[in-house]
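Visitor: Hi! I'm new to this one. Could you walk me through it?

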Amino acid sequence: LAVGRPGSGETVYRGSLSGVAIGDASLYFTAKGTASADATIMVGGRQIGVVQATGFVYDSTP
């Protein structure tokens, strides 16, 4: 599902930063806070890690 921008509800990214690409990722968080899968999401040159067992999200850029 697309995530709406707070305030306007827009679901299309219209940021002002050029050269930033967001990687495709499909995961969800359960009511217990766990994630549906371990994941690494690329945002520009950064990596965001998600730990399935705990739902912990962190900057995993090497």
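Guide: Happy to! The chain has zero helices and three strands, where helices (H or I, at least four residues) and strands (E, at least two) are DSSP runs, numbered from the N terminus. This is a predicted model: local features need pLDDT of at least 70, side-chain atom pairs count only at pLDDT 80 or more, and totals for chains, interfaces and linings use all residues. Residues are numbered from 1 along each chain as its sequence is written, and side-chain values use heavy atoms, with hydrogens and water left out.

Visitor: How many bridges join β1 to β2?

Guide: Five bridges link β1 (residues 39-43) and β2 (residues 46-50), and the two run antiparallel. Strands count as paired if DSSP finds at least two bridges between them.

Visitor: Which residue in β2 does A39 stand opposite?

Guide: That's V50.

Visitor: And what about G44 in the hairpin?

Guide: The hairpin of β1 and β2 has two residues between the strands, and G44 takes a positive phi near 60 degrees.

Visitor: New topic: how many aromatic pairs does a search of the whole structure find?

Guide: One. F56 and Y58 are stacked, 5.4 Å centre to centre with 15 degrees between the planes. Rings of Phe, Tyr and Trp (its six-membered ring) pair if their centres lie within 6.5 Å; planes under 30 degrees apart are stacked, over 60 edge-to-face, the rest tilted.

Visitor: How exposed is F56?

Guide: F56 is partly exposed, at 49% relative accessible area, and Y58 is partly exposed too, at 35%. Buried means under 20%, exposed over 50%, partly exposed in between (1.4 Å probe, protein chains only).

Visitor: What share of the chain is buried?

Guide: Buried residues make up 10% of the 62 residues.
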